[in-house]
Amino acid sequence: MTSMRKMRRLVVAGLVMAGALTACTTGADSGARQPLSDAGRADLQRALDAAVGAGTPGVQVVVTEQGKEWTATSGVGDIATGAGFPAAARIRIGSNTKAFVATVMMQLVAAGTVDLDAPIERYLPGVVQGDGIDGNRITVRNLMQHTSGLPEYLELPELDGDYAAMLKQHFDSAALVRSALSTMPAHFPPGEKAEYSNTNYLIVGMLVERLTGKPFAEEITHRIIEPLGLKATYIPAPGEIELRDPHPLGYEIVDGQRTDLTRLETSWAGSAGAMVSTGSEVNRFFTALLTGKLVQPAQLAEMQRDPKPLTNREGIDYGLGLARLSVPCGKQVWGHGGSIPGFRTYDGVTADGRAVTVLANLRASDAATAAAQQHVFDTAICAA
């Protein structure tokens, strides 16, 4: 595989095709309305094909509504062989991991284990300190809402290595946080504005581990994955660089070429973006979260209360691990989204219960490709 420098440009940056159509429905009530009208499905297929035409190798959309599910694909899952995008494809879901971590945190809030408005210094003494950084002034809420002002750990030189070498390198979240806060200053005082920084959710993951005494991956598995029966969803084990089947290959533009980056050591992403799932299971998770099946009503209200516009993510107002997403038709949509080398996901649920996940096996590096991918999501949310 091509050797690359500047891996930090290929790391988590979430929030956020011409081919055959594959469709399926699930659900016990055969009389329930199917997701999307025939015209809506045709519009969505055209959007998928346009995303492929704009440069994405393959795109899949999963729409879940009223107990029914419909999936459509375009393009390929493997450029070399021409193999299609697999049904029920597993991909790396990047920053959607934050919504899972935030859900665990809100369960701990409901249990009285942690106070959202307490300083992080109370729970992780000495961890959140640096140039303009004071853990006595930064609350748990600041971290979860990206209003802490903390710098972005993805800018560290440790993540500026050779791709092949990084496949063999394990990163410790605490060490990455320590390095980032000791070498980079705060971007602004806590609470002044909202700026998306993956550092926040490395720390939130560390907080989960301090409060529970268990790895964040175990807590997500025990509290979310197992209760919801998400059999395809997982957090890769240390050193697990292969994606579990079925999956498409994931591509990134490197030196002007689409390069296979499916194999990836994601310990550097950790609680900010390491998870793997499918479109169907991501829809199930967000639907369960937003209908009160995972957190108490008071905690869900906190997750959605007073969302802040992100200064570095256009069209996104951020709550606590949940984002209010702007769509052309004006519908109220809550979800997240994520990107990681090789893959991009768009995820959201409307107020009337339509859940949409778009999976793309290329993280766009140009505006036209990104816009075409976004258009698939917007079409699926807005179509009749």
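Which residue forms a salt bridge with Glu 219? In this predicted model, the partner is Arg 223, and the closest N and O atoms of the two residues are 2.6 Å apart. Both residues belong to helix H7 (residues 216-228), and because they are four residues apart there, about one helical turn separates them.

Arg 141 is buried, its relative accessible area being 14%, while Asp 117 is partly exposed at 46% relative accessibility.

A further salt bridge joins Arg 263 to Glu 242, with the closest N and O atoms 2.8 Å apart. Arg 263 is in the loop between strand S7 (257-260) and helix H8 (270-273), and Glu 242 is in the loop between H7 and strand S6 (251-254), so the bridge ties together parts that are 21 residues apart in sequence. Arg 263 is partly exposed, with 36% relative accessible area, and Glu 242 is also partly exposed, with 45%. Elsewhere, salt bridges with shared partners join Asp 117, Arg 141, Glu 302 and Arg 305 into one network.

The next contact to consider is covalent. A disulfide is a covalent bond between the sulfur atoms of two cysteines. Searching the whole structure gives one disulfide. Cys 329 and Cys 382 form this link, and their sulfur atoms are 2.1 Å apart. The angle about the S-S bond is -75°, and the link of Cys 329 and Cys 382 is left-handed. Distant parts of the chain are linked here, 53 residues apart: Cys 329 is in the loop between strand S11 (323-325) and strand S12 (333-335), and Cys 382 is in helix H11 (residues 367-382). Cys 329 counts as partly exposed at 37% relative accessibility, and Cys 382 counts as partly exposed at 25%.

Key: Residues are numbered from 1 along each chain as its sequence is written. This is a predicted model: local features need pLDDT of at least 70, side-chain atom pairs count only at pLDDT 80 or more; totals for chains, interfaces and linings use all residues. Side-chain values use heavy atoms; hydrogens and water are left out. Buried means under 20% relative accessible area, exposed over 50%, partly exposed in between (1.4 Å probe, protein chains only). A salt bridge is a side-chain nitrogen of Lys or Arg within 4 Å of a carboxyl oxygen of Asp or Glu. Helices (H or I, at least four residues) and strands (E, at least two) are DSSP runs, numbered from the N terminus. A disulfide is a pair of cysteine sulfur atoms within 2.5 Å.
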